[in-house]
Amino acid sequence: GGAGGAGGGAGAIAYAGGLVGLNTSTITNSYIESGSVTLAGSNGGAGANGGAGGVGGASATGGAGGIGGAGGVGGIAFGGGAVGDNNIGGVIQDGTYSDVNVTSTSGTSGAGGIGGDGGTRAVGGAGGAGGGAGAIAYAGGLVGLNTATITDSYATGNATAIAGNGGTPGSGGNGSSSTIGATGGASGGTDVAASIALRAGGAAYAGGLVGYNITNGIIQGTS
């Protein structure tokens with residue numbers, strides 16, 4: 001049979017902040033008053049197409065088409081006026097503030113590869129699965145995603161989060177067109193709810209202060 005297509009690579013995660021992209025330490029009495037924060041997570045790579053099945057002999061059946069490769073997931077984007085991601089151990093405190101606008105765009109997941117065509121009297125390969133739902137985008141006037149501590153800090157800029165699109169599945173390869181036809185390959189996606197959900201756009205979280213304050217995140221004395 002034809003060789004299966006390689007899967008697409010995952011998109012890179014993007015961190016950006018007016019002060020720091022990713023914080024796991026302490027930021028005290030710091031600020032940014034000019035400029036802007038704009039970032040984009042990388043798109044996932046498309047899956048490679050499956051190889052065509054080999055041609056059979058005079059009366060032999062050829063090889064089946066190869067399966068298309070799965071698409072790669074898009075990259076998450078963490079954008080904040082001061083800090084993109086205030087992660088575990090991070091502390092932002094004592095008058096830290098941001099007065100810049102933030103635009104955070106996550107990556108689109110890659111498309112699945114097309115299934116390879118079948119050889120003589122052989123079936124086509126199945127299409128590759130899409131890379132799944134689009135990646136999440138976080139944007140906050142001060143912090144995009146907070147899992148730690150923010151105290152006595154504030155933000156005045158605008159925050160915009162734009163999530164990536166979901167990856168589309170690859171189509172199945174063609175069955176042989178010889179005298180006795182063969183079945184085409186299945187699509188990499190179906191219309192059942194679970195499959196449709198994997199092609200959905202990603203979630204987008206935006207907030208004037210924090211885009212998303214996750215469990216255990218602490219915010220005190222802020223505005």
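1. Of the protein's 223 residues, 42% count as buried, where buried means under 20% relative accessible area, exposed over 50%, and partly exposed in between (1.4 Å probe, protein chains only). The protein exposes about 9,400 Å², and carbon and sulfur atoms supply 52% of that area; the areas come from the Shrake-Rupley method with a 1.4 Å probe, and for residues only the protein chains shown count as cover.

2. A word on the model before the details. This is a predicted model, in which local features need pLDDT of at least 70 and side-chain atom pairs count only at pLDDT 80 or more, while totals for chains, interfaces and linings use all residues. Residues are numbered from 1 along each chain as its sequence is written, and side-chain values use heavy atoms, with hydrogens and water left out.

3. You will find one helix and 18 strands in the protein. These are DSSP runs numbered from the N terminus: helices are H or I with at least four residues, strands E with at least two. Taking contacts (heavy atoms within 4.5 Å) between residues at least 6 apart in sequence, 84% join residues at least 24 apart.

4. Strand β6 (residues 77-80) pairs with β11 in the parallel sense over four bridges; two strands pair if DSSP finds at least two bridges between them. Phe-78 has Tyr-138 as its bridge partner in β11. Four bridges also join β11 to strand β16 (residues 204-207), again running parallel, with Gly-140 opposite Gly-207.

5. Now a three-stranded open sheet: its order is β4-β9-β14, with parallel pairing. β4 (31-32) and β14 stand at the edges with a single partner strand each, so one side of each has no neighbour in the sheet. Two bridges pair β4 with strand β9 (residues 97-98) in the parallel sense, and Ile-32 has Ser-98 as its bridge partner in β9.

6. Finally, have a look at Ser-153, in the loop between β13 (149-151) and β14 (154-155). Ser-153 counts as buried because its relative accessibility is 1%. Its side chain reaches the backbone oxygen of Thr-151 at 2.9 Å, and a polar atom of that side chain lies 3.4 Å from the backbone oxygen of Thr-96. Leaving aside neighbours within four places in sequence, Ser-153 is in contact with residues including Ile-92, Asp-94, Thr-96, Leu-142, Leu-209 and Thr-222.

Terms used. Polar contact = N/O pair within 3.5 Å; in protein donor to acceptor, adjacent residues only side chain to side chain.
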